[in-house]
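Please examine the model shown here.

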Amino acid sequence: MQQVRSVLRAIGLPKLPNHRIFVMASILVVIGFAVSVISVVWTTPEIGIASSIKMTVSNLDAEYFHPSTLPTPTGTNEWSVNKLAGEHVDSWVQWVRSIHDLEKLDYPISDAPPAEGFTFRDSAGRNWVRVGLVHGGETVDLWCEVGRVSRRTILPSILWIILEAGLFLVGAIVYWNRPSDRGAQMFYLQSLVVVGAYLGGYHWSRICTQPVLTCIYIVCATLLPAVNLHFFLLFPSPRRIMYRRPGLTLLAVYSVPVVFLVLLLTAYTVVRWLAEWGGTADQITQSLLWLRNVAFTYFAFAALWYFASIVVLIYGYRNTRDIAERNQARWVIVGSILASFPFGYALLMAARNPSGFTGGAASWPLFVASACFTCAYAVGITRHRFLQFDQLLSSGLAYFLVSVLAAIIYCALVVTGMLLFGFRGPSLEQAAWVGGSALVLSISLDAARSRLSSYLDRRYRKDKTQIDQILQQLGGAVDQLIDAPTLANRLLQVAGDLQGYPRGVIYIREQGGGFIRAGRRDDFEYPEHLAPHSPLPAALATRITLDRLSLLPTDPVRQQMATLRSDVAVGLPHADQLLGLLFLGRAAGRPAEPTDGRLLASFAPVAALALAGAEVRGSVDTLNRELQAKVNKISDQQRRIFALQQQLIAQSRRFPAGEAGDPSPPTLAGEPAPAARPLLALEAMIGSSPALQQVLEVVPKVAANASAVLIYGESGTGKELLARAFHDLSPRSAGPYIKVHCAALAPGLLESELFGHVKGAFTGAVRDKPGRFEAADGGTLFLDEIGDISADVQTKLLRVLQEKTFERVGSNEPIHVDVRLVTATHQNLETLIRDGRFRADLFYRLNVITLELPALRERGEDVLELAHHFLRAHAMRCNKNIESIDDDALVALREYSWPGNIRELENVIERAVVVCDANVITLRDLPAQILSPGGLAQESPRSKSREPRPGTNAVRAARAARHAREKSEILQALRDTNWNRTEAATRLGMARSTLLSRMKKFGLGESANSG
């Protein structure tokens, strides 16, 4: 594709999208393929004898036989080819090559067939060759003319190309203009493969010596049924299965054709290899028969695909509600059913007379089937908006297509008439030249007519042409509108370019009523502002356009227009007010034209409407930003309230009313410690982020059953707490809860720890010891870091899961247990399976229900809640009166990536509580890694007097950027509201007192206003 783009740029063509390059390239390929096939067929010698793969005669044409040849063979299947030009012919490949080499032979001139020779040329200039046929052990020699292919052989190809050209052109136009339409894509692809399949299939025996043409034919013929079915899955509207299971559907459609395509290409390659590298005649014949059998087998699958296409079409017809789509589908169904009869006849011929089928006897049935489809599509295009082609069909394009179609039909009639009735007249080459010349002349005259019509429209209907151009350019400008100033500048460019004004300026209305300059076309220093009561705005309020030459020299309006170097002024009115003023200057020596005023008067209302739309859009965007800011503030407050509510609920559950005690704070990631009432693990999982809440929502549902649970998550994310929650909420909550960290124990020790051992099982086993499975009987067993267990332990663990029994180490007595297993890991078990470090069958036993705990960096909303929770817990433990965390420190905590997750956050808060000397934690109390430049932390005012620490330079820079941004937003709001504090506070979404304090903080007083 890049090479094609380079060629297009080299020859000066504009940059084209990929799909248009594909269309152009595919059209060239189709034309090249068709011309190549017809050229090969026309230049290949013909002697009137067709041979099957088994070297039996499949067709005889008496027109090619010399009158002295007696007797003429009858019953073609009883004859076989033996010799050609005196050379023995052992295989069909040798026969085809010998036919192609006939023109290379010498043809001595003779009045009658020589008795000993094998070739001669008669007085009429015709070449003759001797062919030996065998029947019943006897050899009969025939003298056959070395001529060209007969008219009735090549005529169906020419007629079919003419028939298919219209549909191919329709497909190219639709795909050219609607590349995202999947139906248009598949229809165009269907048109491509139909051309390759039909032309190659009809002349396969003549192009088989050309590898490129043969491979194109094999690919197109094999994929045609699948492409046809794929198109009908999208026509007239996509089926539901294409939305629900697109991958599986396309796999089912294309898998079998692709397999047969590989087989056919392989068989063809083998045949060519044997023919090139000296394979025996039997080997070549067997390979050819295998190739034919594969092709005939695929015919059965192709028939099945064709039947499926009709079924899909009928289903689409019954389920679509659009009348046009129903009519399209109905006609295509009719065409498909009618085409099934010649298709069936061709398949029957392939089964009963394979020699005749391969000899081309099925060409006319296939031509009739193609004509049925073509007629069905033609009715859909002309009457029922097939592929919405009418939307792309302008009057000029329609006239051109009709002209081209008429020229093609005329040329087809000329060529057909010469072929059918010109036996003594012109040759086929002359007929082709006459028809082609007529076609080219017709298309050239039509193109010249279009050019002449366009020139006359531009010359004598200039106003209409310019209005069309203005509307087109204006439509493109409106489609790309972003804000009023940008659109205004674009409108100035459109008006100036189309009217031929080299100078110009445009003003748009301000909120105060004046006009501000939005764009200009030259370097002249136009005034920045225009007062609303100056002469020009007042005059344009009553008139849309003004021409300076039509005004009196003393008129103030004309004087102001001269000041602006403008010859024409245009007002852009909307809703009884001017939204903009447009001033244009003519080129030197260019007189005023009467059409200028009319064109600009037509342009003004549409341009004003576009400006009004841009202004409304800008207001909506501003309101949307303000609303989004308020929503964000509300969401932040809601998260804080929710966090406080969760902590109050947890506190009330741990210390009910009337109970006393000293609560013990959680020690690790919120894990509960003994208190008046133990805090449930689910209650101790703090966080309101969507990522965490999505996990917590399914915990009660999963806990209610005894299925195995596998928890993924990084270290420190709370996997152990989640496992405890499954136990607390399950029917086994009254039973034991046992946890084992698998990575902390050696493989031998882990097996003994899990399953227990008997006395004497190994050195040091002085008594029987029950394992963790026995201890967890009737409850829950949590195995952390399950990916680190050895292969032996995996085998025994699999048996426990399957049979609910195990043996202690050193014992053969089975022990039955009822344990619910919860496992956790930070590793990817599927990767371990591929590496051979974890059993796949054990993984499928553990992977019944899978949950993944998000890392803390994915739970940014939860950092502040967890930080306050740990602050209260560790402040109480250290007996310190620390109430809160400084805002800048909170920003630093929020922006940090937390590779150690919740455990690292708790450690950071614990350290800050220990080193903090005040009642508020500041940046000074946080570790150095939190203040790294990537953290975007801010320094609090309390820490300014202290000695700077590493990372605080980045903190100060980020804080300064935040203050500068806030100051800029406040200043812009004050300017937009003419320094109305109340209105500005409303626009910023804050209280008026807050705005006044911020103004005082940033020094935004009257001095800033005057500046």
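Predicted model: local features only at pLDDT ≥ 70, side-chain atom pairs only at ≥ 80, totals over all residues.

Residues are numbered from 1 along each chain as its sequence is written, and side-chain values use heavy atoms, with hydrogens and water left out.

Q: Why is H2 called roughly parallel to H5?
A: Helix H2 (residues 18-43) and helix H5 (residues 182-202) pack at an angle of about 10°, with their axes 10 Å apart. Angles under 35 degrees count as roughly parallel, so H2 is roughly parallel to H5.

Q: Which residues of H2 meet H5?
A: Contact means heavy atoms within 4.5 Å. Phe22, Val23, Ser26, Ile27, Val30, Phe33, Ala34 and Val37 in H2 meet residues of H5, among them Tyr188 and Leu192.

Q: Why does cysteine 144 count as buried?
A: Buried means under 20% relative accessible area, exposed over 50%, and partly exposed in between (1.4 Å probe, protein chains only). Cysteine 144 has 0% relative accessibility and is therefore buried.

Q: What makes cysteine 742 buried?
A: Its relative accessible area is 1%, so cysteine 742 is buried.

Q: Is asparagine 879 buried or exposed?
A: The relative accessible area of asparagine 879 is 73%, and the residue is therefore exposed. Asparagine 879 lies in the loop between helix H29 (860-877) and strand E21 (884-885).

Q: Why does asparagine 901 count as buried?
A: Asparagine 901, found in helix H31 (residues 901-915), has 0% relative accessibility and so counts as buried.

How values were computed: Axes fitted to C-alpha atoms, helices over the stretch in contact; angles between N-to-C directions. Helix = DSSP H or I, 4+ residues; strand = E, 2+ residues; numbered from the N terminus. Parallel < 35°, antiparallel > 145°, perpendicular 65-115°, else oblique.
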